[in-house]
Amino acid sequence: MELRGRGLTREGFEALLQRLDPDRDRAGEAYEALRRRMLKFFEWRGASRPEELTDETIDRVCSRIAAGEEIRAEDPGRYFHGVARNVLRESWKREPEAPLNEERLARGLTSPLEGQPSLDERRSGCLQSCLDALPPETARLLLDYYRESGGTKIGRRRDLAAVLGIGPVALRLRLHRLRGRLEACVRHCLERPETEGPSGPLEGEGGRP
Amino acid sequence: MRSYLLGALPPDEAEKLEEAYFEGTPVFEELLLAEDDLIDAYVAGRLSSDEHRAFEAAFLSAPRRRERVDFARALRRAASSWETAARPPGARLAPLAAAAAIAAVLAAGAWAVRRQSDLGADLSRTRAELQALQSDVRGLQERGARLAQELSMAARPVAGVVTWILSPALSRGPSAARSLSLPPGAEWVRLRLPLERAGDGVFEVEIQTPEGRVVTSQRGLTAATSAGVPAIEAMVPARALATGTYVALLRRGKGEEVASFPLRVVAGP
């Protein structure tokens, strides 16, 4: 694992946390929220390495703070946006995006070895395991929300929200978060050897047996 | 928002949108929802040909985004399989339709007009059906309340995960411990244990009481660098950390202790 240089120090990172919030725990949460926005910014802007560019942006901000620069913007998010935009432009100059072609698309497709389940089959198996780890009513709600037939989707989702006593937007947000956790669960499951099941926050407690 | 996600928004409008979501407005959540909808529309084949082309250019060339598309396909298949398995033919009225049916019957109060000798039998039959439907509605209301609670617990937002960045002990002893509070509703604690230097290998984090009792541990961890600081991150269940003093031991490989991080858990606000 490479340590990113560029004059970055732990003091810079600590100073950044302090600037985000004097309370360290809230600063940690604010940092996570900013990091998530940056990651999606680079993704939505088509960067090929959004995580690296996010780290680069944070490195740069921390270096500046360590060098004595102040974040004057009332909302640190605005400052981060400015730096992230510059990092993105520099990355475009370094690596102009190649035009999309079939070869690039096909790079993501792998043929399974003979006798081995395909990636799609493994993914479906992992998804089922992750759904099984949810409370049954929650899993049923999720699958009902995403099924295609049975009346109009909008009407059905509005009815689901009514049964739960929440607005349609609140329902969408909650299911979005649940979907995100399922995606992470499936990702972890696919990264593990096939003999192991899913793990992560959807399972029970960790700890020594 | 769909234009932004497909990379089709003019630059100045894209920049305004980005300013809004970097500043923590609800625009960010709206974009996340719009992205879900866009991916679902693609896998369902509901995009126009121009949108389809733009989507593939934006989403299929990046590994993480392609993973999201593959997940959406798997979810759609799972939902379709569930529907086929869970709804036998001849099932009674769908629950929500039953609620609407009761409302319609009670509001209209209309029954079929029959000859007097048939009305009594019809009335009895209808009363029995109404009672059954009313029972269904009560069951639905209870189910709705239960679902809302389960969904709230299962889909807790980021606030349900608390991040604690620990500092290594300069000297052993309770005075070195950081005080950390668990807010109500916290389910998981993400412990970030900074390392002096990055290194390869697999690490273990063990949370112990001062007496040496292990309360929880996590193995198989590797170092990740964030903001140039290498660290180990461990997710521990909040319920394992009652108020009290602990030490988080960081070990590498076959038990070599790398660092210790004292912490004190205090009651939340």
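This is a predicted model: local features need pLDDT of at least 70, side-chain atom pairs count only at pLDDT 80 or more; totals for chains, interfaces and linings use all residues.
Q: Where should I begin with chain A, and how many helices and strands does it have?

A: Begin with the secondary structure, listed from the N terminus. Chain A has nine helices and zero strands, so its order of elements reads α-α-α-α-α-α-α-α-α. Of its 209 residues, 30% are buried. Among contacts with a separation of 6 or more, 56% join residues 24 or more positions apart.

Q: How do I judge the length of a helix, say helix 2 of chain A?

A: Compare its end-to-end span with the one expected at 1.5 Å a residue. Helix 2 of chain A covers residues 24–44, and its 21 residues reach 30 Å from the first C-alpha to the last, close to the 30 Å expected.

Q: Which residues of helix 2 of chain A are buried, and what follows the helix?

A: The buried ones are Tyr31(A), Leu34(A), Arg37(A), Met38(A), Phe41(A), Phe42(A), Glu43(A) and Trp44(A). Notice that the list includes Arg37(A) and Glu43(A). After the helix comes Gly46(A), with a positive phi near 80°.

Q: At what angle do helix 1 and helix 3 of chain A pack?

A: For a helix pair, look at the angle and the distance between the axes. Helix 1 (residues 10–20) and helix 3 (residues 50–66) of chain A pack at about 90°, their axes 8 Å apart. Angles of 65 to 115 degrees count as roughly perpendicular, which is why helix 1 of chain A is described that way relative to helix 3 of chain A.

Q: What does Val186(A) touch?

A: Leaving out residues up to four places away in sequence, Val186(A) touches Arg123(A), Cys126(A), Leu127(A), Cys130(A) and Phe71(B).

Q: In what sense do strands 4 and 5 of chain B pair?

A: Follow the bridges from strand to strand. Strand 4 (residues 203–208) and strand 5 (residues 214–221) of chain B pair in the antiparallel sense over five bridges. Ile207(B) stands opposite Thr216(B). Five residues lie between the strands of this hairpin, where Gly212(B) takes a positive phi near 95°.

How values were computed
Residues are numbered from 1 along each chain as its sequence is written. Chains are lettered from A and ligands numbered from 1 in the order in which they are written. Helices (H or I, at least four residues) and strands (E, at least two) are DSSP runs, numbered from the N terminus. A residue is buried if 20 or more other C-beta atoms lie within 10 Å of its own, exposed if 12 or fewer, and partly exposed in between; C-beta atoms are placed from the backbone. Two residues are in contact if their C-beta atoms, placed from the backbone, lie within 7 Å. Two strands pair if DSSP finds at least two bridges between them. The expected span of a helix is 1.5 Å times one less than its number of residues. Axes are lines fitted to C-alpha atoms, for helices over the stretch in contact, and angles run from 0 to 180 degrees between N-to-C directions. Angles under 35 degrees count as roughly parallel, over 145 as roughly antiparallel, 65 to 115 as roughly perpendicular and the rest as oblique.
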